Amino acid sequence: MHRILAITLTVAALVLPTPCAAQTDVNAVLATVEAHNSTLKALRLTLDAEQQANHAETTLDDPEIEVAQQWGSPSSIGTRQNLNVSQRFDAATLTGSKRRLAGARDEEARQRYALERSRIMLDAREAIADVIYYNALTALLRTRLDQARATARAWQQRHAAGRASLTDVENSRLDLQMAETDMARTLADRTAAQQRLQWLCGDQPVTLTDTAFAAIAPLGTFDGWAARAEAQGPTLAYARSQSTVAQQERRVASRQALPALTLGYGGEFTRDEKYQGLTVGLSLPLWSARRRVRSAKAAVAAAEAQATDARAATMAEVRRLYDQVNALQRVADDSDRNLAGQQSLHLWQRSLQEGAISVIDYLTAIRLYYDARQQNLDTRRDLHKAYARLLVVAGE
């Protein structure tokens with residue numbers, strides 16, 4: 001019976017999950033998210049609608065035409081017709097301030113879309129990490145379950161032959177039950193992760209069978225990541241675009257505080273007389289312009305303060321994620337080295353054969369071994385999620 005256990009342990013050591021080549025290109029999955037995600041589709045339509053609306057008020061006001069037909073009393077005096085055509089000219093339109101404001105709002109809408117897109121792509125990267133993690137964990141626990149079944153069967157046969165106690169049999173059965181529970185829960189979690197990834201892909205069929213995470217290149221210097229986040233980070237870019245919009249709105253408000261000119265043609269026609277000529281009007285914004293300018297200046301100050309706060313928060317986040325990725329990388333590498341040189345399965349098997357340890361000690365040691373393997377996978381998943389967040393903050 002010791003031979004049965006030895007064979008079981010040897011096979012387990014040989015078939016433990018090892019990194020395998022990717023079966024599905026992760027970049028292809030991300031491209032599917034980009035093309036088919038329903039939220040991104042809605043955001044693109046919203047972006048187009050906003051840009052159309054931004055330019056709806058960049059032209060002069062529509063010309064006004066007024067026609068009047070008046071009947072005299074008594075009727076003997078005849079009728080009179082009036083015709084007035086006018087066009088209003090405001091400084092904000094003539095100087096191009098409204099056009100520049102529309103362009104700034106277009107850029108703000110684009111940066112808001114880019115920010116929302118980065119969040120969705122981060123969700124996709126984290127969902128991919130979850131699927132790879134559960135694929136690897138499923139393979140690991142399947143080996144663990146096969147081993148537990150073989151062990152329970154071997155001790156049942158040994159008990160039937162009178163060479164093992166009932167306690168040893170029950171312990172092996174309990175270990176098998178725990179292994180089956182771990183496998184069932186992991187399969188349920190993997191299904192949930194796969195369903196979430198499929199939803200992010202717009203319910204397009206996606207098959208991701210990878211069981212190993214891709215290697216992460218050395219990060220380089222923190223200053224390099226900080227510079228990238230400063231130049232192209234989506235949060236900072238959106239904050240800067242909001243500040244630009246506020247500045248353009250202040251300029252428009254200042255132009256609207258200037259008098260607006262109205263030019264036109266007016267005519268009055270009767271049966272015997274005709275009066276016609278040019279009309280000139282002047283609109284004086286005496287009551288509301290000052291408040292609009294003050295409000296616009298306050299909005300500029302608020303937008304600049306928000307941009308400053310966003311920069312400080314982004315730099316702090318880059319530092320936190322940079323340090324976290326480096327720390328997790330060291331932990332994961334150390335774990336890989338330790339597991340690569342691990343010979344515990346053979347040592348425990350020999351100790352059990354020699355009677356140096358009990359069955360319960362052996363089963364406890366086996367569980368510790370697989371817990372260490374799972375802990376290694378946990379670290380790898382955390383590492384890739386932290387790296388994905390760092391990429392998003394830096395605008396990669």
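Student: In which helix is the place of arginine 290?

Tutor: Helices here are DSSP runs of H or I with at least four residues, strands are runs of E with at least two, and both are numbered from the N terminus. Arginine 290 has its place in helix H9, residues 289–340. This is a predicted model, in which local features need pLDDT of at least 70 and side-chain atom pairs count only at pLDDT 80 or more, while totals for chains, interfaces and linings use all residues. Residues are numbered from 1 along each chain as its sequence is written, and side-chain values use heavy atoms, with hydrogens and water left out.

Student: How much confidence does the model carry, and where does pLDDT stay under 50?

Tutor: pLDDT is the predictor's confidence in each residue, from 0 to 100. The protein has a mean pLDDT of 87, and 91% of its residues reach 70 or more. Over residues 1–23, pLDDT stays under 50. Where pLDDT is low, the predicted coordinates should not be read in detail.

Student: Is arginine 290 buried or exposed?

Tutor: Buried means under 20% relative accessible area, exposed means over 50%, and partly exposed lies in between, using a 1.4 Å probe and protein chains only. Arginine 290 counts as exposed because its relative accessibility is 64%. For contrast, look at asparagine 54 in helix H3 (residues 38–54). Asparagine 54 is buried, with a relative accessible area of 15%. Leaving aside neighbours within four places in sequence, asparagine 54 is in contact (heavy atoms within 4.5 Å) with Ala102, Arg105 and Asp106.

Student: Where do glutamate 317 and arginine 320 lie?

Tutor: An α-helix has 3.6 residues a turn, so residues three or four places apart point the same way. Glutamate 317 and arginine 320 are both in helix H9, three residues apart, about one turn of the helix. Their salt bridge brings the closest N and O atoms to 2.8 Å. Glutamate 317 is partly exposed at 27% relative accessible area, and arginine 320 is partly exposed at 40%.

Student: Which residues make the nonpolar surface patch?

Tutor: Patch residues have over 30% relative accessible area and no salt bridge; like charges are joined within 9 Å, and nonpolar side chains (Val, Leu, Ile, Met, Phe, Trp, Tyr) within 5 Å. Here Leu261, Leu263, Val280, Leu282, Leu284, Leu286 and Trp287 make a nonpolar patch of about 810 Å², with areas from the Shrake-Rupley method and a 1.4 Å probe, where only the protein chains shown count as cover for residues. Strand S3 (260–270) and strand S4 (274–283) are the elements that give two or more residues to the nonpolar patch.

Definitions and conventions. A salt bridge is a side-chain nitrogen of Lys or Arg within 4 Å of a carboxyl oxygen of Asp or Glu.
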